[in-house]
Amino acid sequence: MSFSSSPRPAPGPRRRSLLASATGAALLVGCTGGSGSGGTDADPSAVERARARAARDSEELAGRYAAVAAAHPGLAERLRPLHAEVVRHAEAFGAVRAASPEASPSVSARAAGPQDGSGPVPTAATDALALLVAAERKLADRRVETLVGVPGELARLLASVAAAGAAHVYLLTEGDG
């Protein structure tokens, strides 16, 4: 008996390696020190810049989720919990103006416009989801790279949010349930 293959190629090691690296980093960071600075001699201004960048990145991603949901109402319910989590990530990094799930679509669409480098929302729902997947992957990769140079608390937060981003990628690509 033969099994038919999936019509699209499996993302394979890309997703697994990202999740494994983010999880592994979280475990390593969790083992490296106590609370507060985590024993790292990081420049406080560099730490604040990393935190501000992470907050800004999450705000932009939240805006992108809101714009996709506004442009594709059929995806709104599926995207709502992921969007809400991204908003919480922005708030955890100290953002004060994250695009909330209740934000008006026009404001959210402007927030996710060309200034974030991703352009307008594609007209095809599958392309819009692919845009979100690419944004989540890119951001998770950046956060994993950044966490090495910041102290314990922020590194743990970055690792946790990177792992959540990898989970979002999975849900966006495999979550047709």
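**View 1. Thr126 in helix 5.** Thr126 sits in helix 5, which spans residues 125-147. The model is predicted: local features need pLDDT of at least 70, side-chain atom pairs count only at pLDDT 80 or more, and totals for chains, interfaces and linings use all residues. Residues are numbered from 1 along each chain as its sequence is written, and side-chain values use heavy atoms, with hydrogens and water left out. Helices are DSSP runs (H or I, at least four residues), as are strands (E, at least two), and numbering starts at the N terminus. Thr126 counts as exposed, because its relative accessibility is 61%. Exposed means over 50% relative accessible area, buried means under 20%, and partly exposed lies in between (1.4 Å probe, protein chains only). In sequence, Thr126 and Leu75 are 51 residues apart; in space, C-alpha to C-alpha, they are 9.9 Å apart.

**View 2. The packing of helix 5 and helix 6.** Helix 5 packs with helix 6 at an angle of about 160°, and their axes are 8 Å apart. Axes are lines fitted to C-alpha atoms, for helices over the stretch in contact, and angles run from 0 to 180 degrees between N-to-C directions. Helix 5 and helix 6 are therefore roughly antiparallel to each other. Angles over 145 degrees count as roughly antiparallel, under 35 as roughly parallel, 65 to 115 as roughly perpendicular, and the rest as oblique. The crossing of helix 5 and helix 6 is left-handed: the near helix is turned anticlockwise from the far one by less than a right angle. Contact means heavy atoms within 4.5 Å. The residues of this contact divide into 13 nonpolar, four polar and three charged. Here Ala, Val, Leu, Ile, Met, Phe, Trp, Tyr, Cys and Pro count as nonpolar, Asp, Glu, Lys and Arg as charged, and the others, Gly among them, as polar.

**View 3. Val144 in helix 5.** Val144 belongs to helix 5. Val144 is buried, with a relative accessible area of 17%. Along the chain, Val144 and Ala155 are 11 residues apart, and 8.7 Å separates their C-alpha atoms.

**View 4. Helix 3 against helix 6.** Helix 3 (residues 76-92) and helix 6 (residues 152-174) pack at about 165°, with axes 11 Å apart. That angle makes helix 3 roughly antiparallel to helix 6. Helix 3 passes helix 6 in a left-handed crossing. From helix 3, the contact includes Arg78, Leu82, Glu85 and His89; from helix 6, it includes Leu157, Val161, Ala164 and Leu171. Nine of the residues in the contact of helix 3 with helix 6 are nonpolar, three polar and two charged.

**View 5. Glu60 in helix 2.** Helix 2 (residues 44-71) holds Glu60. Glu60 is partly exposed, with a relative accessible area of 31%. Ala90 lies 30 residues from Glu60 in sequence, and their C-alpha atoms are 9.2 Å apart in space.

**View 6. The whole chain.** The chain has six helices and zero strands. Of its 177 residues, 42% are buried. Among contacts with a separation of 6 or more, 79% join residues 24 or more positions apart. The chain exposes about 9,500 Å², and carbon and sulfur atoms supply 59% of it. Accessible areas come from the Shrake-Rupley method with a 1.4 Å probe; for residues, only the protein chains shown count as cover.
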